[in-house]
Amino acid sequence: MTFPLIVDGSAIKNHKSWIKENEHIFKEHAAVLLRNFPIHSRELLEEYVKTIAPEQSFLDYTGGTSPRKKLGTSIYSSTEMPFFLKIPMHSEMAYRKRFPKKIFFYCETAPLMGGQTPIADIQKVYLDVPEVIRNKLLNEGIIYYRHLKNYTPTSKVLSLINPMIKMGTWQFVFKTQDPEVVNEYCRQNHYQSEWLKDGSVILTTHLPALNEKGVWFNSFHFFQVHHRIWGRLITPVFKFIRFISRGLDMSATTGNKQRLSSDEISKIVDAYEKNQVQFDWQKGDLLFLDNTRTAHGRNPYLGKRKILVSLAEEGEFTSF
Ligand SMILES: [Fe+2]
């Protein structure tokens, strides 16, 4: 099956009607790129995504790992992570009991160079992860840890030098000053929260490695501090942060609290890289992804890059 399916809108007369008449393609294909469709504004973008997914199914991004800005009723900026950072392949919010089943990426400004959103078929990724590694995660599930810091006057000053310090605070992630909002989020999303004396909080959750379609749907490798995932420049910085924060800044173990070896993590990354495909963004492109069948990432880039994102249709893990 073509991956992604590319639909050129140049010869189509009524684009919204065309989408309605062909809505089956968004079920049959895990990834569809609409190119040369007349999506020239954020308002039009909202109209288009709501043609493909029901209006009431759009989700917000509270509690996500990546900093984003809300730009419309259902539109967010894609990650605000620095341009030089490669975002590893991942299934959106697969570290949460509830996750979006559909993702839309829209290219408002194409980067000068790089900045692609690589995608992979996670059924193929699953088959390419060595069985012995797969079984460790399938049998025991995965425990995810996030240690969200307290936003103090000191961290405010340090954030001027490194904005990622602010991004790692619970106040930033949950857009609140009230710990009870975090606790409520935890109750609703299958997290345990442990508040520390310094005002920071450790969130822990135990989830399966596969989704209900039986495909590889998890964030195990994304939560590892490993040079194959974050690069040789950033990894030592992350290792240092993990060292000073009880080793839990953002990490994942098997359900029996075992870590995988560096070699085993490399093999998971190999499986993603082997199945990765990418295309250069063009202004106005709209990419639909079935999040339960695909993973995506982001390449480093040069120039301005504005990719908007919408998340729709909530799914839920049923075990662990
Ligand atoms: Fe993402």
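A residue is classed as buried if 20 or more other C-beta atoms lie within 10 Å of its own, as exposed if 12 or fewer do, and as partly exposed in between, with C-beta atoms placed from the backbone. The structure is a predicted model, in which local features need pLDDT of at least 70, side-chain atom pairs count only at pLDDT 80 or more, and totals for chains, interfaces and linings use all residues. Residues are numbered from 1 along each chain as its sequence is written. Helices (H or I, at least four residues) and strands (E, at least two) are DSSP runs, numbered from the N terminus.

Helix H3 spans residues 42–52, and its buried residues are Leu45, Glu46, Tyr48 and Val49. Viewed down the axis of H3, these buried residues fall within an arc of 165°, so they line one face of the helix; the arc is that of the directions from the helix axis to the C-beta atoms. An α-helix has 3.6 residues a turn, so residues three or four places apart point the same way. Exposed residues Glu43 and Glu47 are carried on the face of H3 turned away from its buried side. The buried residues of H3 pack against strands S6 (98–109), S14 (286–290) and S17 (306–316).

Isoleucine 19 belongs to helix H1 (residues 15–21) and counts as buried because 20 C-beta neighbours lie inside 10 Å. Two residues are in contact if their C-beta atoms, placed from the backbone, lie within 7 Å. Leaving aside neighbours within four places in sequence, isoleucine 19 is in contact with Thr51 and Ile52.

An open sheet is formed by 4 strands in the order S5-S15-S8-S13, with antiparallel pairing. Its edge strands, S5 (87–90) and S13 (276–277), each pair on one side only; two strands pair if DSSP finds at least two bridges between them. Strands S8 (residues 119–121) and S15 (residues 294–298) are joined in the antiparallel sense over 3 bridges, and aspartate 121 has threonine 294 as its bridge partner in S15.

Backbone geometry was also examined. Most residues other than glycine have a negative phi, and most peptide bonds are trans. Histidine 190, in the loop between helix H9 (179–188) and strand S10 (192–195), has a positive phi near 70°; this residue counts as partly exposed because it has 16 C-beta neighbours inside 10 Å. Lysine 257, in the loop between strand S12 (250–254) and helix H11 (262–274), has a positive phi of about 60° and is exposed, with 9 other C-beta atoms within 10 Å. A cis peptide bond, with omega about -5°, joins phenylalanine 3 and proline 4.
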